Amino acid sequence: MKIGDLRIRQAKVDVEGEITEIGEVKTFQKFGREGRVASATLKDESGKVTLSLWNDDVDKVKVGDKVKITNGYVNEFQGEKQLTAGRFGKLEVIE
């Protein structure tokens with residue numbers, strides 16, 4: 001699948017791209033546990049999308065990495081499409 005084809009509320013998304021930007025890591029409390037999140041930009045030849053990096057995934061990637069999202073989910077945040085590996089998906093660095 002290409003990034004340009006992603007639709008909001010689409011599930012079971014398998015997509016590859018390059019991390020071109022990673023925003024500031026924010027920490028939060030949920031159910032008494034601390035979590036971390038950062039927004040990255042994932043790009044391929046068809047377009048780009050905001051990729052939410054949660055907890056351990058924050059440390060997995062750096063700018064310039066090629067990554068593959070398996071079983072991801074597209075949601076909407078402030079009117080923008082946002083891709084996440086979510087609870088059931090997987091993010092892996094492939095290069």
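**Salt bridges, a hairpin and a nonpolar core**

Asp-57 and Lys-60 are joined by a salt bridge, a contact in which the closest N and O atoms lie 3.1 Å apart; the term denotes a side-chain nitrogen of Lys or Arg within 4 Å of a carboxyl oxygen of Asp or Glu. The model is predicted, so that local features need pLDDT of at least 70 and side-chain atom pairs count only at pLDDT 80 or more, whereas totals for chains, interfaces and linings use all residues. Residues are numbered from 1 along each chain as its sequence is written, and side-chain values use heavy atoms, with hydrogens and water left out.

Asp-57 and Lys-60 are 3 residues apart in helix H1 (residues 56-60), and therefore about one helical turn separates them. Helices (H or I, at least four residues) and strands (E, at least two) are DSSP runs, numbered from the N terminus. Asp-57 is buried at 15% relative accessibility, while Lys-60 is partly exposed at 42%. Here, buried means under 20% relative accessible area, exposed over 50%, and partly exposed in between (1.4 Å probe, protein chains only).

In total, the structure contains 5 salt bridges. One of them links Lys-62 to Asp-65 with an N to O distance of 3.3 Å; Lys-62 is exposed, at 54%, and Asp-65 is buried, at 6%. Another salt bridge connects Lys-90 and Glu-92, whose closest N and O atoms are 3.9 Å apart. Glu-92 is partly exposed at 27%, as is Lys-90 at 46%.

Strand S2 (residues 26-30) pairs with strand S3 (residues 33-44) in the antiparallel sense over 5 bridges, where pairing requires that DSSP finds at least two bridges between the strands. Within this pair, Thr-27 stands opposite Arg-36 of S3. The hairpin of S2 and S3 has 2 residues between the strands, and Phe-31 adopts a positive phi near 55°. Of the 5 residues of S2, the number buried is 0, and the strand therefore lies largely in the open.

The largest nonpolar core comprises 19 residues, among which Leu-42, Leu-51 and Leu-83 touch the most other members. Strand S1 (13-22), S3, strand S4 (47-54) and strand S5 (66-77) each contribute at least two residues to this core. Such a core is a set of buried Ala, Val, Leu, Ile, Met, Phe, Trp, Tyr and Cys residues joined through side-chain atoms within 4.5 Å. Leaving aside residues up to four places away in sequence, the contacts of Leu-42 include Ile-3, Val-15, Leu-51, Val-67, Ile-69 and Leu-83, contact meaning heavy atoms within 4.5 Å. In soluble globular proteins, nonpolar side chains tend to be buried together.
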